[in-house]
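The order below is the order in which I went through them.

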Amino acid sequence: MQLGLIGLGKMGGNMAERLQLGGHQVVGFDFSAEAVARLTESGNVGVSSLEDLAKNLKGRKAIWIMVPQGQPVDDTIAKLEPLLNPGDILIDGGNSMYKDSMRRHKEVTAKGFHFVDVGTSGGVWGLKEGYSMMVGGDEEPVKYLQPIFETLAPAKDKGWGHVGPAGAGHFVKMVHNGIEYGLMQAYAEGFTVLEKKEEMHLNLPQIANIWRYGSVIRSWLLDLTEEALAGNPTLDGLQAFVVDSGEGRWTVFEAFDLNVSAPVITESVIRRIRSREDNNFTDRMLAIMRNAFGGHAVKKA
C-alpha cells in the first residue's frame, strides 16, 4: 500500500522507515532537501513539491500530514485539495486541537474527501518500539487505512484503535499528554526529594533502576529517566526551562468545561510555565509579604 507523507523530520522519517520495513511504499515531501534525499536513499520516493507527491500516488490517495498544529495544517490541506480525487483521504497525525479536527473533517467531507485524525505517540522511539495511535474519523476510511496502522503499531492488534468519530483521536491524545505531564511532574518531584537528602549519598540512577523492576511505579518513562540519569546524574549543563506544546493546557481547559477536578495535571502545567520565569515576580511577592506580616528575612538579589 502507498502512503503520502508530508513532514520528514525525525518522527516522520522513522515512520517512513517502519512502513517500508512493513512492505509499504512512502512518497514523502519536506521543505528540507536533505530529508527528501534521505527518504529516496532508503528506497522510498522523495519529492520536492506537493504536486509531485500527488502525481506519484497511484489510485486512491492517502496522505498523512505531520506538520505543526494550527494554521500549518489548514494551509497544507488547502494546497492539497485541488490535487485530490473524490474519496481520497487526508490524515492529520500531529498534535492538533480536537475541535480543529472536527471542523476540518466537516470541511473536507463536504468537498468529497475524507479526513482522519490520528493522535500519535512514540516520538523518536517509534521506529523500534512502534507507535501508539488513537484514531478518530469515519469507519470506511479508517478501515481502508488499517494496514498502515497495523504496520506502525507495536503489533497488529496492540497499541492502536479506532476510538470514535472525527476529533476523537486528537481528544484522546490530548488527555494522554495531560496524563504524561502529571507523571513527569511526580517523577521529577520524587527524585528531587531524593537528591536533597544529601547525608544519605543516594545514587539516583541506581534507585531508578531498582524501581524499574517489580515496582508499582515502573514505566517506560522511568526506563528513559534511568537512562538519562545514568548519563548525567547531577543534570549538569541543563537549564530549568520546560516547554509545553499545548496539549496539557487543552486538557486542563477541557476539564474545567466538563466540571472535572484535575489538580495534578493543572499543577504540572503551571509548573512548566513557572520554570520559564527567571527570578519570577510571584515568588518575590511571597517573600515580601512574609516579611511584611511576620518579619521573616528576605534574600537580596
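Which residues does glutamate 254 touch, not counting residues up to four places away in sequence? I found Tyr98, Lys99, Phe171 and Met174, where contact means heavy atoms within 4.5 Å.

Before going on I noted that this is a predicted model, in which local features need pLDDT of at least 70 and side-chain atom pairs count only at pLDDT 80 or more, whereas totals for chains, interfaces and linings use all residues. Residues are numbered from 1 along each chain as its sequence is written, and side-chain values use heavy atoms, with hydrogens and water left out.

**Entry: glutamate 254**

I placed glutamate 254 in helix H12, residues 247-257; helices (H or I, at least four residues) and strands (E, at least two) are DSSP runs, numbered from the N terminus. Glutamate 254 is buried, a word I use for under 20% relative accessible area, with exposed for over 50% and partly exposed in between (1.4 Å probe, protein chains only). I then looked for a salt bridge, that is, a side-chain nitrogen of Lys or Arg within 4 Å of a carboxyl oxygen of Asp or Glu, and glutamate 254 has none. The nearest side chain of opposite charge is that of lysine 99, 4.6 Å away, with Lys and Arg counted as positive, Asp and Glu as negative, and His and the chain ends not counted.

**Entry: salt bridges**

How many salt bridges does a search of the whole structure find? I got 15, and I followed some of them up.

In one of them, the side chains of glutamate 81 and lysine 111 meet at 2.8 Å, N to O. Glutamate 81 lies in the loop between H4 and S5, and lysine 111 in the loop between helix H5 (98-110) and strand S6 (114-121), so this pair ties together parts that are 30 residues apart in sequence. I noted glutamate 81 as buried because its relative accessible area is 14%, while lysine 111, at 48%, is partly exposed.

Arginine 276 lies in the loop between helix H13 (263-274) and H14, and aspartate 244 in the loop between H11 and H12, so the pair ties together parts 32 residues apart in sequence. At 13% relative accessibility aspartate 244 counts as buried; arginine 249 is partly exposed at 32%, and arginine 276 is partly exposed at 27%.

I also recorded a network of salt bridges that links Asp74, Asp92, Asp100, Arg103, Arg104 and Glu107.

**Entry: strand S4**

Strand S1 (residues 2-6) and S4 pair in the parallel sense over three bridges, and isoleucine 63 in S4 is the bridge partner of glycine 4. S4 also pairs in the parallel sense with strand S5 (residues 89-92), over four bridges, and there isoleucine 65 has aspartate 92 in S5 as its bridge partner.

I looked up two residues other than glycine with a positive phi. Histidine 201 has a phi of about 50° and sits in the loop between helix H9 (168-196) and helix H10 (204-211), where histidine 201 is exposed, with a relative accessible area of 70%. For leucine 235 phi is near 55°; leucine 235 is in the loop between helix H11 (220-231) and H12 and counts as partly exposed at 48% relative accessibility.

**Entry: nonpolar surface patch**

Which residues make the nonpolar surface patch of about 650 Å²? They are Phe281, Met285, Leu286, Ile288, Met289 and Phe293. Patches are made of residues with over 30% relative accessible area and no salt bridge, like charges being joined within 9 Å and nonpolar side chains (Val, Leu, Ile, Met, Phe, Trp, Tyr) within 5 Å. Phenylalanine 293 lies in helix H14, residues 281-294, and counts as exposed at 66% relative accessibility.

Notes:
Accessible areas come from the Shrake-Rupley method with a 1.4 Å probe; for residues, only the protein chains shown count as cover. Two strands pair if DSSP finds at least two bridges between them.
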